[in-house]
Amino acid sequence: MLMFISGLLLFFILHVATATPSLRKKLAGGTGDNAWKGIVALGSLGAVVLIVLGWKAAPNTVLFSPSALAIQLAPALVTVALVLFVIGGGNLPGYIKRTLHHPMLVGVILWSSTHLLANGGWRETVLFGAFLVFSVYALCSLLLAGKRARFVPAWKWDAIGLAIGLFVAIGIMHSHKWLFGVAVT
């Protein structure tokens, strides 16, 4: 359990620092922007390894009954979340990015809240709850700081993001049982 919680703490400390513009500026100023990005990337990778390795050792006490509606809607909602994640992560300058400004964070909010409601265990609640709280914080922080996407959009980027996102979603859904131990129904 210590490994699981340590991984989550490391991951979110790094990401909160990045999502808080004034703190990010201070930290990146001290190390240089590229060095800061490297620290965050390597630290995040290490954190994910700790989370994955600690997952099985963490207790999975049932905290609440999963929402039947969330389970039914999960394939559609998570597909939308993955499309948004691809558009944001790929920095695809389409109309979706211009409208949402931070589509990756909106996608993570949708993904984490869906998974939070569709699961009832302690591990899932801690994992998806942490992602949900962080993503809401990061989105609000960036929008309040005026960090908005400004560019001339093109529909082709939305189409590319949609195609790649659908491909990723189908792949994850078909391999969800193998990857995560739970089949998508």
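Start with the aromatic rings: the structure holds 9 aromatic pairs, where a pair means rings of Phe, Tyr or Trp (its six-membered ring) with centres within 6.5 Å. Planes under 30 degrees apart count as stacked, over 60 as edge-to-face and the rest as tilted. Before you click, keep in mind that this is a predicted model, with local features needing pLDDT of at least 70, side-chain atom pairs counting only at pLDDT 80 or more, and totals for chains, interfaces and linings using all residues. Residues are numbered from 1 along each chain as its sequence is written, and side-chain values use heavy atoms, with hydrogens and water left out.

**Stop 1: Phe4 and its partners**

Select Phe4 and Trp55. Their rings make an edge-to-face pair, 5.7 Å centre to centre with 75 degrees between the planes. Phe4 sits in helix H1 and Trp55 in helix H3 (residues 33–55), so this pair ties together parts that are 51 residues apart in sequence. Helices here are DSSP runs (H or I, at least four residues), numbered from the N terminus. Is Phe4 buried or exposed? Phe4 is buried, at 0% relative accessible area, while Trp55 counts as partly exposed at 22%. The cut-offs are under 20% for buried, over 50% for exposed, and partly exposed in between (1.4 Å probe, protein chains only).

Trp122 belongs to helix H7 (residues 122–144), so its pairing with Phe4 ties together parts 118 residues apart in sequence.

**Stop 2: an aromatic cluster**

Next, select Phe11, Phe12, Trp111, Phe128, Phe131 and Phe134, which form one aromatic cluster.

**Stop 3: where H1 meets H2**

Show helix H1 (residues 2–19) and helix H2 (residues 21–31): their axes come within 5 Å and cross at roughly 100 degrees. That makes H1 roughly perpendicular to H2. The axes are lines fitted to C-alpha atoms, for helices over the stretch in contact, and the angles run from 0 to 180 degrees between N-to-C directions. Under 35 degrees counts as roughly parallel, over 145 as roughly antiparallel, 65 to 115 as roughly perpendicular and the rest as oblique.

Which residues of H1 and H2 make the contact? Pick Ala17, Thr18 and Ala19 on H1, then Pro21, Leu23, Arg24 and Leu27 on H2; contact means heavy atoms within 4.5 Å.

**Stop 4: the salt bridges**

The rule asks for a side-chain nitrogen of Lys or Arg within 4 Å of a carboxyl oxygen of Asp or Glu, and by it the count comes to 2. Bring in Lys37, whose salt bridge with Asp33 has its closest N and O atoms 3.5 Å apart. Lys37 and Asp33 both lie in helix H3, 4 residues apart, about one turn of the helix. Arg24 is partly exposed at 23%, as are Asp33 at 35% and Lys37 at 45%.

**Stop 5: His101**

Finish at His101, in the loop between helix H5 (95–100) and helix H6 (103–118). His101 counts as buried, at 19% relative accessibility. Leaving aside neighbours within four places in sequence, His101 is in contact with Ile96, Leu143, Arg148 and Ala149.

Methods
Helices (H or I, at least four residues) and strands (E, at least two) are DSSP runs, numbered from the N terminus.
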